[in-house]
Amino acid sequence: MKPILTAILFCLCISAHAVTLSSLQQRFSEQPVLRAEFEQQRSISGMDKSLKSSGNLLISREKGLWWSQQKPFALTLLLDDKRMVQTIAGQPSQVITADSNPQMFQFNHLLTALFHADTAVLEQNFTLTFTDSGQERWVLMLTPKTTPLDKLFKTIALHGHYFLETIDIEDMQGDGTHIRFFNQLTEPKTLSHAEQQLFAH
């Protein structure tokens, strides 16, 4: 009886720790602030070498997304509910709103939805396939179902554990983008004064 009891308890432990899309979304929503570093590698058809970039990002549930590329050149992207501000290496900032460029704003707004695993937003644009990979690891595959996303991307795959760890994007031209996130921090749970100023521009 002892081996059977052990097996039952083992199965109960597995089911108790199974990762679901709803539990993932709840976990992400409980993180008011997320800070991380990233490395991005883009493979383009016809080019021998991949394009690499790196930097850090800050996500605030109240303020939005701040993406700062540091290499190979400085680029910042600020995204909130009303606007997207892009600044490249000291050039004048480019501001995009939902009114001035609806498609661009919608696409960039999906970035925030990805980090929050916001199923309500994602399901409007993608068919979602969620897989529990075991040991609390998971994969979320997004297949575009709306235009213009279905003309741009084949699939977007999100892999993670406690945090979102990688995003793999395959586009319709056969090019690929791999983004790795690391050194994720959720403390402190409030923005510092310097971090608040990033969203004030």
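## Burial, cavities and cores

Me: Leaving aside neighbours within four places in sequence, which residues is I59 in contact with?
Reply: In this predicted model, I59 is in contact with P32, V33, L34, G64, L65, F115 and H116. Each counts because it has heavy atoms within 4.5 Å of I59.

Me: Why is I59 called buried?
Reply: The cut-off is under 20% relative accessible area. I59 has 4%, so it is buried. Its place is in strand 2, residues 51-60.

Me: How far is I59 from D99, C-alpha to C-alpha?
Reply: The separation is 24 Å. Along the chain, the two are 40 residues apart.

Me: What makes V139 count as buried or exposed?
Reply: V139 has a relative accessible area of 18%. Buried means under 20%, so V139 is buried. V139 lies in strand 8, residues 137-144.

Me: Which residues does V139 touch, neighbours within four places aside?
Reply: V139 is in contact with T129, F130, T131, S133, L158 and H159. A157 is 18 residues from V139 in sequence. Their C-alpha atoms are 7.0 Å apart in space.

Me: How do you know where empty space is left?
Reply: A probe the size of a water molecule is rolled over the atoms. Here the count comes to two cavities of 30 Å³ or more.

Me: What makes a space a cavity and not a pocket?
Reply: In a cavity the probe fits but cannot get out, whereas a pocket is open. The second largest pocket holds about 260 Å³.

Me: Which residues line the largest cavity?
Reply: F28, Q31, P32, V33, L34, I59, F115 and H116 do. Strand 1 (33-43) and helix 3 (102-116) each give two or more residues to this lining. By class, the lining has six nonpolar, two polar and no charged residues.

Me: What is the lining of the second largest cavity?
Reply: F28, Q31, L34, F115, F163 and L164 line it. They divide into five nonpolar, one polar and no charged.

Me: How does the lining of the second largest pocket divide by class?
Reply: It has three nonpolar, five polar and seven charged residues. The lining has 15 residues, and R61, D81, H109, T112 and H116 lie nearest the centre. Helix 3 gives the most, with four residues.

Me: Why are the buried residues of helix 2 placed on the same side?
Reply: The buried residues in helix 2 (21-29) are L21, L24, R27 and F28. They cover an arc of only 120° around the axis, so they sit on the same side of helix 2. An α-helix has 3.6 residues a turn, so residues three or four places apart point the same way.

Me: What makes a set of residues a nonpolar core?
Reply: The members must be buried, and their side-chain atoms must join within 4.5 Å. The largest core has 34 residues. Those with the most contacts inside it are L57, W67, W138, L142, L158, I167 and F181. Helix 3 gives the most to this core, with four residues. Apart from it lies another core of seven residues, among them L58, W66, L78 and L191.

Me: Which residues does L142 touch, not counting those up to four places away in sequence?
Reply: L142 touches L114, L122, F126, T127, L128, K154, T155, I156 and L158.

Key:
Residues numbered from 1 in each chain as written. Predicted model: local features only at pLDDT ≥ 70, side-chain atom pairs only at ≥ 80, totals over all residues. Heavy atoms only, no water. Buried < 20%, exposed > 50% of the residue type's maximum accessible area, 1.4 Å probe, protein only. 1 Å grid on protein atoms, 1.4 Å probe; cavity = no way out; pocket = protein on both sides within 12 Å on 5 of 7 lines; lining within 4 Å. Points joined across faces, edges and corners; volume = space filled by probe spheres on them. Nonpolar A, V, L, I, M, F, W, Y, C, P; charged D, E, K, R; others polar. Arc of directions from axis to C-beta.
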